[in-house]
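Visitor: I would like to learn how to read the features of a fold with someone at my side. Could you walk me through one?

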Amino acid sequence: MATATATGMGMGKETFASAQVLTELLAREGSSRASCAAYFTNCFRPLASRSSIGSFGTGRHVLRLPPALDELLVIDRPEPTAVRSGLVDALVQRGTAREQDAALRLAVEQRAVQVASAWYRERGWTVTEYGKPFDLLVENDHGSHTVEVKGSRSRIDKVTVTRNEVRNARTEAADLVVVDEITYYRDAHDRIVTDGGRLRRWAGWRPSDDELTPMTFECQLPEGPQQND
């Protein structure tokens, strides 16, 4: 199935990437031809009404793909929740969405720590896991330093760090280790099993202000009387 152009529909990069993933997922769902009205939204919640392939929405914007695409779509009738779950999963793998499954997110983080720990141990370091305010403390005959570990299922070029993680990296000797492209599957008991991972290490990591982008702020409430009228 062809995808819509970002310029023609006024979509941002993340929205366009999501629309591409959705069309790919829908095109893989079946083999019988059916007319369709494909919808995409940035919130992935089911609408009350459904087309032949399911509608998605009540987000800030709902996008109907051009009618010309109807003739190109080969599809049966996927359940909205299945398509939505597959869409989010695909976006995470592309690095355009945060992992929604808390258990999977934890498993990926643990896999990253395992890979990082093994890397240091193979080189003669003694490794102690901490978790906060840093993930690892590594020691050898020449000294010790902390390690901040980040894991992801996608191939990433940026990570999210907390205020405490930045403070630690700026006050203590620290490495940054990123383990991305982690894979997983669920075994016969529905347990998450992780594998793989591409390790990259930045020794002496000290993030500068230019490398940090504010994501949220803590706002102190104003003093004085409230105006409720």
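Guide: Gladly! Keep in mind that this is a predicted model. Let us begin with a single side chain: Phe 134 has a relative accessible area of 12%, and since buried means under 20%, Phe 134 is buried.

Visitor: Which aromatic residue does Phe 134 pair with, and how do I describe such a pair?

Guide: A pair of aromatic rings is described by the distance of the centres and the angle of the planes. Here Phe 134 pairs with Tyr 130, at 5.0 Å centre to centre and with 50° between the planes, which is a tilted arrangement. Tyr 130 is partly exposed, its relative accessible area being 47%.

Visitor: How many aromatic pairs does the whole structure hold?

Guide: A search finds three. In one of them, the planes of Tyr 120 and Trp 125 stand at 85° with the ring centres 6.2 Å apart, so this pair is edge-to-face. Both Tyr 120 and Trp 125 are buried. Together with Trp 119, these two form one aromatic cluster.

Visitor: Let us turn to the sheet. In what order do its strands lie?

Guide: Strands of a sheet pair through backbone hydrogen bonds, either parallel or antiparallel. In this model, five strands make an open sheet in the order 3-4-5-6-7, and the pairing is mixed. Strand 3 (126–129) and strand 7 (192–202) are the edge strands, each pairing on one side only. On average, neighbouring strands are turned by 30° against each other, direction ignored.

Visitor: How many bridges join strand 3 to strand 4?

Guide: Four, and the two strands run antiparallel, with strand 4 covering residues 136–140. To see one partner, look at Thr 128, which is bridged to Leu 137 in strand 4.

Visitor: Which helix packs on this sheet?

Guide: Helix 4 (residues 102–122) does, touching strand 3, strand 4, strand 5, strand 6 and strand 7. The direction of helix 4 makes about 50° with that of strand 7.

Visitor: What does the largest nonpolar core look like, and which element gives the most to it?

Guide: That core has 16 residues, and Tyr 120, Leu 136 and Val 149 are among those with the most contacts inside it. Helix 4, strand 4, strand 5 and strand 6 each give two or more residues, and helix 4 gives the most, with seven. For a close look, take Val 149: its contacts include Ala 112, Val 113 and Ala 116, as well as Leu 136 and Val 177. There is also a second, separate core of six residues, including Ile 156, Ala 169, Ala 174 and Val 178.

Visitor: Is Glu 148 buried or exposed?

Guide: Glu 148, found in strand 5, is buried, with a relative accessible area of 6%. Among the residues Glu 148 touches are Phe 134, Asp 135, Glu 165, Asp 175 and Trp 205.

Visitor: Glu 165 brings me to helix 5. Which residues of helix 5 are buried?

Guide: In helix 5 (residues 163–171), the buried residues are Glu 165, Val 166, Asn 168 and Ala 169. They cover an arc of only 160° around the axis, so they lie on the same side of helix 5. Arg 163 and Thr 171, on the other side, are exposed.

Visitor: What do the buried residues of helix 5 pack against?

Guide: Their packing partners are strand 5 (143–151) and strand 6 (174–186).

Definitions and conventions. Residues numbered from 1 in each chain as written. Predicted model: local features only at pLDDT ≥ 70, side-chain atom pairs only at ≥ 80, totals over all residues. Heavy atoms only, no water. Phe/Tyr/Trp six-rings, centres within 6.5 Å; stacked < 30°, edge-to-face > 60°. Buried < 20%, exposed > 50% of the residue type's maximum accessible area, 1.4 Å probe, protein only. Arc of directions from axis to C-beta. Contact = heavy atoms within 4.5 Å. Pairing = 2+ DSSP bridges. Axes fitted to C-alpha atoms, helices over the stretch in contact; angles between N-to-C directions. Core = buried A, V, L, I, M, F, W, Y, C linked by side-chain atoms within 4.5 Å. Lists of a residue's contacts leave out its neighbours within four places in sequence.
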